[in-house]
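Me: I've got a fold here that I'd like to talk through one question at a time. Have a look first, then we'll start with the whole chain and work down.

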Amino acid sequence: MAWLQLSMDLKDMNPEAVQADCECLGALSVTLADAADDPVLEPPPGTTPVWPQTRLSALFEGDDHDAHAGEQLRGALADRLGIEVSCITVEPLPERDWCNEWRKNFRPLCFGSKLWICQDGQRPEDPRALVVDLDPGLAFGTGSHPSTALCLDWLCRADIEGRSLIDYGCGSGILALAAARLGAARVLATDIDPQALLATRDNAAHNSLENKIAVLRPDDLGDCETDILVANILSGPLRQLAPRFADLVAPGGQIALAGILEEQIASMHGVFESAFALSPVDRRDGWALLSGRRRH
């Protein structure tokens with residue numbers, strides 16, 4: 001099946017009103033994106049981020065037998081909005097397995113001296129390799145994002161063998177899987193997103209690590225105490241969770257926090273330094289990882 005994508009810069013138009021007009025014309029999905037370079041990294045929960053310059057894209061079912069379907073949709077939307085047709089672009093999109101598009105350009109990634117993140121049975125030539133075979137599904141975490149890479153590098157340097165670890169905000173489970181491969185005795189992976197819990201369980205089973213990794217919601221952690229806690233989320237949730245993390249990490253235990261922008265380092269220090277003796281910050285491509293040990 002062919003698809004049609006109509007796109008336009010919203011300028012001063014109301015995003016919700018334009019979205020409603022698209023849906024009235026049969027749009028299957030509507031996406032809002034930054035039309036310039038003004039990222040909104042941490043919108044408040046339950047809100048729709050709107051950028052100073054917002055671009056809207058609407059996806060419609062195409063008609064293989066009607067070459068003019070795109071132009072007809074374009075004209076109909078322009079009429080509803082009272083704008084020039086030239087303000088709207090239309091392009092056909094061929095049918096693809098979009099869930100697996102990311103695989104085409106994925107290459108095995110190495111962290112430390114022997115931890116490898118692979119997919120679809122890829123294997124490095126190194127016979128010493130510790131391999132995590134990953135399918136992120138609909139969850140975050142492939143190892144390519146700087147914050148995830150910072151966490152994986154940190155895990156490779158940390159003393160993990162035989163210790164317990166919590167992956168808080170586990171996403172695809174990549175950090176939990178890596179910790180288990182690196183010798184952690186017990187790993188708890190937790191997330192508020194059901195898709196993340198599903199992806200982590202599936203990846204743990206696929207890597208034969210389901211006996212070492214327990215997957216659960218944050219409310220089910222209870223009063224457990226861990227040697228290591230890793231959280232790759234965002235600075236806002238990290239700040240809110242600081243007291244909870246202090247309770248979860250055993251005295252002398254380690255913490256690693258990522259999803260932090262470099263300009264947020266100082267404020268994050270202020271939140272965590274009372275409970276943790278913090279180490280020098282790791283940085284990569286504008287992102288930072290904050291680590292330290294739980295004070296006794």
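Me: What percentage of the 296 residues in the chain is buried?

Reply: Keep in mind that this is a predicted model: local features need pLDDT of at least 70, side-chain atom pairs count only at pLDDT 80 or more, and totals for chains, interfaces and linings use all residues. Numbering runs from 1 along each chain as its sequence is written, and side-chain values use heavy atoms, with hydrogens and water left out. Buried here means under 20% relative accessible area, exposed means over 50%, and partly exposed is in between (1.4 Å probe, protein chains only). Of the 296 residues in the chain, the buried share is 48%.

Me: How many helices and strands does the chain have?

Reply: Both come from DSSP runs numbered from the N terminus, with helices being H or I over at least four residues and strands being E over at least two. On that count, the chain's secondary structure is seven helices and 15 strands.

Me: Among contacts between residues at least 6 apart in sequence, what percentage joins residues at least 24 apart?

Reply: A contact is heavy atoms within 4.5 Å. Take the contacts between residues at least 6 apart in sequence, and the share joining residues at least 24 apart is 65%.

Me: Is the crossing of α3 and α4 left-handed or right-handed?

Reply: Helix α4 (residues 174-181) packs with α3 at about 15 degrees, their axes 10 Å apart. That makes the two roughly parallel. A crossing is left-handed if the near helix is turned anticlockwise from the far one by less than a right angle, and right-handed if clockwise. For α3 passing α4, the crossing is right-handed.

Me: How many nonpolar residues sit in the contact of α3 with α4?

Reply: From α3 come T148, C151, L152 and L155, and these meet I174, L175, A178 and A179 in α4. One residue of the contact is polar and no residue is charged, while the nonpolar ones number seven.

Me: Which residues of α7 make the contact with α6?

Reply: α6 and α7 pack at an angle of about 15 degrees, with axes 10 Å apart. On the α6 side, the contact uses S235, L238, R239, A242 and F245, and on the α7 side S267, M268, V271 and F272.

Me: Within what arc do the buried residues of α7 fall?

Reply: In helix α7 (residues 265-272), the buried residues are I265, M268 and F272. The arc covers the directions from the helix axis to the C-beta atoms. The buried residues line one face of α7 because, seen down its axis, they fall within an arc of 65 degrees.

Me: What is the relative accessible area of I255?

Reply: I255 is in strand β12. Not counting residues up to four places away in sequence, I255 touches W154, L229, F245, F272, F276, L290, S291 and G292. I255 is buried, with a relative accessible area of 1%.

Note on methods:
Axes fitted to C-alpha atoms, helices over the stretch in contact; angles between N-to-C directions. Parallel < 35°, antiparallel > 145°, perpendicular 65-115°, else oblique. Nonpolar A, V, L, I, M, F, W, Y, C, P; charged D, E, K, R; others polar.
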